[in-house]
Structures are given as structure tokens and as C-alpha cells.
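Subject: Structure for you to look at

Hello,

Here is the structure you will be working with. Please open it before you read the notes that follow.

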Amino acid sequence: MRADVQTQRNQIGSSATGKKKKDPTAWRSVLFLLPSWLLLLVFFIGPILLTFYFSFTNLALTGTQAQNIEFVGFQNFVSMFEDPTFRISVMKTIVFLFLSAIVGQQILGFLLAILMKEKNPTFRRLIGIIVIAGWVTPEIVVAFCWVAFLNDNGTLNMILNAIGLESVTWLYTFPMISVCIANIWHGTAFSMMVFQASLDDVPKTIEEAATIDGASRFQVLIRIILPMVKGSIVTNMILVTLQTLGVFTLIFTMTGGGPGTSTQTLPIFMYNQAFVNYQLGYGTAISLVLLIIGIIASLFYIRSMKVKI
Amino acid sequence: MRFFSWRKMIGFMMAMVFCLMAAACSDGSASETDGGSADKEISITYRSGGGTNKGLTDWLNQEVIPQFEEEHPDVNVKLAPLEVNEGDYFAKVSLLLQSENTAPDIVTEDTFMVNSDASAGYLEPLDERIEGWDEWDSITENVKNGVIAQDGKVYGVPYNTDSRGLWYNKELLKEAGVEVPWEPKTWDDILAAATAVKENLADDVVPLWMNSGKATGEATSMQTFQMLLYGTDDPLYDSESQKWIVESDGLLDSFKFIDTVYEQGLGPELSQVLNGQGGTVAYQQLMPQGKLAIGLDGIWQTGNWHEDGAAPWPEAFDTLGFAAMPTQNGEAPGTTSMSGGWALSIPAKSDSKDLAWEFIKLASTKENNLKLQLKDGNLTPREDVAQEPEYLEMEMFEEASSFLENTHFRPAVDKYPNVSTVIQTLVENVVSDKITPEEAAEQYKQEVTEIVGEDLVTTK
């Protein structure tokens, strides 16, 4: 075993010193990387390029345009920005993002993490398991659970009726709140785990020093802990934002984007245009815009928090 | 050096897992057909789920498939139904037909999609096959038009047609003080009857049910919006100038009528009607339970109530009446209706087209078509079946056939499916109060112009 390590070291040493010499093992690395490059090219880069191309065409799911694809330039994007439903969808996406990702998952996750900090390990484990149960449940199962709970004849209305209150059609009267709560229930555990890990890394000595200097617990939180976990906040914010931007199954199953346009976020709008209105070209153009929004949001977070990732 | 290492073991196991995954992803049917070349298979795709097309399924299983398998002992006929909302069926079919691996050998097409799917190259033209087949002549001329695409070729064999009107519960209307048999003369008469039901009957009785959501797809567009629109002076499409009418009083008034129904609380709960299962709830549950007074829908709903239907209800035909849909203000000819229908088509990418055609011919004989209508409760496309005493005695058949006199067909042009989905979206937005009827009319103009192009629209 020791000899193995020695030879490995020697190899590393020789390749580092003889930079200009051709590495005899380079072709082997290429050979080993080739399958994954090919897979990435075919299944990842390929579809992205195709999406990019299709978003500039009038490709349709049925009708003459399914056969004769024409290049239409920026037509899809022009009609998108003229389309009032697109503007509504952007607004709905922002509301959904703000309520469920930023307010819900991020803040709730942080609160859970900070409340559990340095508590009894058994208590931490118990609460952790309960919260994580929501996260490990597949999205479609989460959606069905919540439909069963909020439905006209669902559990919540049963409870309301039992205590003498009238039923509420939750999914139709408060559609956005309903899908947001379901998404928070599903996603909070992720933020909680990220924050737990980074809060555990805050050295106890600094906190103690601050307390001795007379800082209140709230001041410790704001002045000491928050700045020290800033990096994880940004990373988590980006991850949660990107995840929430792409939520489709949950909303589609619970409300179908309705009633009307009430919960029609961009992914639902994209699906409707591509597979309900048969306009695949327009649908892919929307997906491209969705991608750009995701990139902008990430850049915005990174810049505003001034952290290096 | 050891010969056994955990790393090698893990690597080996990973390789095994990948092999298994690759095997699981490959097409399983390939290995099945290797066994014996004598066993051929043809598959039929149609929409099912929640009692939908129960008559059609029974008819295939009990009548056509046994006959066919007797004639072709080496062929296995497989049903490949899609359990989806009406709104999703057509997109799913379009996707299936794009690849040889997924295309069935026979697909049921709603006639409004035939033109569009044919233009996309998804369907096989049947002209040459029809030439040597004399049964084609017994199909009614105007029904044939539904399966002829813009290139003039035939892409399907119709197996039914239909008409639409107002189902009403005689007992409920009588109780509410409306005279039966109910013969509404104007849209206001419908509203008046529904209002009477709302005021005089229990709260859990739905006065008037019209399909109003995106999830109910074409039913929202055809059974609701176009049933109203074709009762005004302004059709959807001006066949003379071959242009879409994107602005008219008829369009606005139709949106207004739908809005009024929900504003005045005459419609069902949105959670019921905007659901993909809305139609099932209305005609398999509410109507038999006496919880629905009036419903705007098609003749095929009788199929639910037959003894082997999805919701057997023997008293249905005494309890219910089927009234003609009046025109807006009683303008001549006084009533209106819409007709569509379904056809059997062969996908262009099917691998057993000859067998599929044999199957379609067998399914379309006079005897088999009659059996289908008796099970399914639709109207026949065949002139000779229409003369059969058994057919003439079908419940509600007399009313449904009489509506055909003033019926309309959907525009048989390429962009109809796209325009139809615009209508569905706008109707849902109006009933859920997202937009006003005026905004709906404005958006209709904008979106349809976008879809068909500015040179193909006109205003009235």
C-alpha cells in the first residue's frame, strides 16, 4: 500500500516538473473522459442548442407548421412581450418566488435552524426527521397530499365542518396561497439543513466574547451570526430560487395554473403554449426567457451580497 | 497487491447496474416479437378514464375485436387507451404519432383535429383504400367533409356524429315553476329558468351547467361557446371570404352570457366545473342525483345512463328532457346546434397499415356501427343505419336528430384547434373573474390575429 502511494506521488511530481514534456498519460485521461463528454454533448448541450434554435422558429405540435418549420427571427419574443398573459405569468412567478422561496423556505428554514441550534440532540433529530419528511416526499405525492387536504371534500374542510364552520374551496378561493404553502412545506427542510450546517460552523468563542462585551442575543444574531453565514445564505437563495422558478408538477397537479390565470407561473404558461395551444416554438422561447431570468436572479444575489462563490 | 478490492467490487456492481438499466430502457416489445413472427399485433388508441368512452371500449372488446381475431387468428388486437383529460388528449396523440416507436396502428380522431394532424403528416391518406370499398358511399355527405383535409384527401372513417342541446330535469323545472316540456325561445328564457331554479329549489341544486374550463378542452369551446355564438348572427369563421371573424357583437354577447351565468350564481362551483372531470361529475353524479336542473351538452350523455353505461339510470329518459338550444333573441330559424364526430384513422408511422385498414372496414360495417350507437348513444354517420328500427327507437334520438336541421360544423381549416384553445382559455378567465367579457373579446381579437395572420381576419 505504501509503495502504491509512493509511485503515485512520483507520477504527480514528474508531471508537475516536466510541464513542457508531453504527458504520456494524457491520452488516457481523454479516453476516460470521452464517454461523459459524449453523454453531456448528446443529452445536455444538444437539447440546449435545439431549444435555442426552436425558439426562433414557428414549430408547432400539429398542423402544417409541424412539418414545415420556418425561421421567424424574433417573432416569438415580440409576441411574448405584447402578450398580456405573459406579463401576468411573470407577475405570478415573482409572487410565487417571493412568498414560497424567499419568505417561506428561506426565512422559515433559517428560523428552524437557529431555534434548533445547540438544543438537545434527540429533540433536534426528531424535529429534523419531521421536516425532512416533507422534503424527501416526491413532488407529485406532495401535490396529491395537499389536494386531498385542501379539496372541497378534503381533510381541512372536514375539520372545519366538524367544528361548525362552512367549507371553503381553498384551491379556487386562495389558489396562490395554497400552492405557496404546499411548496414551503415541501422545500423548507433543504434550507434548514443548509443553515444548520453553516450555523454549526460559527465558532462558539466569538459568540461568547460578544455576550461578555454586552451584546444582546438579537445583536449577536444580527452582528455576528448573520455576517458569518452570509455565504450559505446566498448559495441557498440561489439554489432555492432556481428550484422554485422551475416548479411545475406541484402547481400543475394542484390547480393546473388556474382558476383562470391565478397560479399560471412561467413553467405552466410554457406548458400551456407548447402542449395545449400546440405552439412548440413559442413554448421553447418562453423556456429560454425562464433560463435568462434564472441567470439574472443568480447574478443579482451574488452582486448584492458581495460574496465570492 | 490484493486481487480482491472493494473498489473493483463497486466498479463491477456499477457496471452491472448500468447494463440492467440499459436493458430496461430498450423497447421490451422487440424481444416479444422475436419469439414468433406469426403473432402480429395492432393497437388502438382512444381516450378513456372515469367512465369516458365506456360504450366504445365495450363495443371494441365485445363485438369488433372477437370478430376480427376470428378472421385473423394470428393477429392480436391491443387496446392502448389514453387516460387523460379531453384537453390533453390531442397533444398526447400528436406526440405519439411523431415516432414509429410510439405510433399506434389505429387512432380515434375528433374530426376537428383530422385536418390539422393530416397537414402535420401524422396521418395516412386513405383515398386508394376507399376506392375499392363500397361501404364508403353509405356515409352521410356532410359527415364525410369532417375527415377530408385541405389537400382534398380522406384521412379517416367517421364512426359517429352528434348534436347538442339543453338537458333538463323535468321534475326540478316543474318544482321551480317552469312550464314543461320546456321550450326556451331566447337566451333570456334559459337565464329565467335557471334563476327560477336558484330561487325556488335547495341550494345544492345546480341551476345550469356549461363546460367552462381549459381542462374540459374542446367541450368548453364547442358545447358552450360555439353553441352560443352560432345562435347569434356572427359565426366564428366567414366561409365566403375565408376569414376569421375576430370582432363581432356575437363574440362579445357570448362572453357576456357566460359571465352572467356565473355572476348571478346560476352555474356550478368553479372547483367542480373547471376540473377535467367536470363532465363526469355533472352527468354521472349530479344529474342522476337530481342535483342538476339544466345542462348544455351532447346527445352522447345518454350512453352514461344505459344499463351497461358508466352510471346506469333507467328513469333518465322519463325524468329528463332534451330541448333545442334557442338562438340569442329567437332569430330565425329559432334553434341552433353544433355537430362534430369522431373517426378512425391510420397513423402515417403505423407499421401494420393493411391490418389496421382491415380492422377499420370491419368496425364500420352497418351491423357493427349500429351496435356502437346502441351502446354509446351517439348519432350514426351511416344513412342505412339511420333507417334501422332499433336505431330509431333509441332514447332521445328523435330530439337529437331534429337538432341536425339547424346544426353547424366547426370551420374545417388548419388553425381551428389553435383558435379553439384561445376560446377555452378566455372562457375560463371570464368565469373565474380574471377578465371582463369586453377584455375577453379584445384579447380574442389580438390572439387570433396573432395565430392566423392579419390577412386572414375580418371584423363585423
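Which residues does B:T45 touch, not counting residues up to four places away in sequence? They are B:A80, B:L82, B:Y89, B:L96, B:P104, B:I106, B:V107 and B:T108, where contact means heavy atoms within 4.5 Å. B:T45 is found in strand β1 (residues 40-45) of chain B. With a relative accessible area of 2%, B:T45 is buried. Buried means under 20% relative accessible area, exposed over 50%, and partly exposed in between (1.4 Å probe, protein chains only). Helices (H or I, at least four residues) and strands (E, at least two) are DSSP runs, numbered from the N terminus.

Some ground rules. This is a predicted model, in which local features need pLDDT of at least 70 and side-chain atom pairs count only at pLDDT 80 or more, while totals for chains, interfaces and linings use all residues. Residues are numbered from 1 along each chain as its sequence is written, chains are lettered from A and ligands numbered from 1 in the order in which they are written, and side-chain values use heavy atoms, with hydrogens and water left out.

Chain A

Chain A has 16 helices and zero strands. Its radius of gyration, taken over C-alpha atoms, is 26 Å. A compact globule of 309 residues would have a value near 19 Å, by the rule of 2.2 Å times the number of residues to the power 0.38. The C-alpha trace of chain A spans about 70 × 65 × 35 Å along its principal axes. Of the 309 residues, 39% count as buried. Among contacts between residues at least 6 apart in sequence, 69% join residues at least 24 apart.

The pLDDT (the predictor's confidence in each residue, from 0 to 100) averages 87 in chain A, and 92% of the residues score at least 70. Over residues 1-18 of chain A the pLDDT is below 50, and this stretch has one contact in the model beyond near neighbours in sequence.

Chain B: a loop residue and a helix

B:L97 lies in the loop between α4 (86-96) and β3 (106-110) of chain B. Is B:L97 buried or exposed? B:L97 is buried, at a relative accessible area of 1%. Leaving aside neighbours within four places in sequence, its contacts are B:A103, B:P104, B:E109, B:Y122, B:L123, B:P347 and B:K349. B:L97 and B:D117 are 20 residues apart along the chain, and their C-alpha atoms are separated by 9.0 Å.

Helix α13 (residues 278-286) of chain B is mostly covered, with seven of its nine residues buried. Among them are B:V281, B:Y283 and B:L286. The cover over the buried residues of α13(B) includes β5 (164-169), β6 (206-209), α12 (270-273), β9 (292-298) and α14 (302-305) of chain B.

Chain B: backbone details

A cis peptide bond joins B:V180 and B:P181, with omega about -5°. B:P181 lies in the loop between α8 (170-175) and α9 (187-200). The peptide bond from B:A332 to B:P333 is also cis, with omega near 5°, and B:P333 lies in the loop between β11 (325-326) and β12 (335-339).

B:N53 is not a glycine, yet its phi is positive, near 60°. B:N53 is found in the loop between β1 and α3 (54-71) and counts as partly exposed at 24% relative accessibility. B:Q242 has a positive phi of about 55° and is not a glycine either; B:Q242 is found in the loop between β7 (237-238) and β8 (243-247).

Regards
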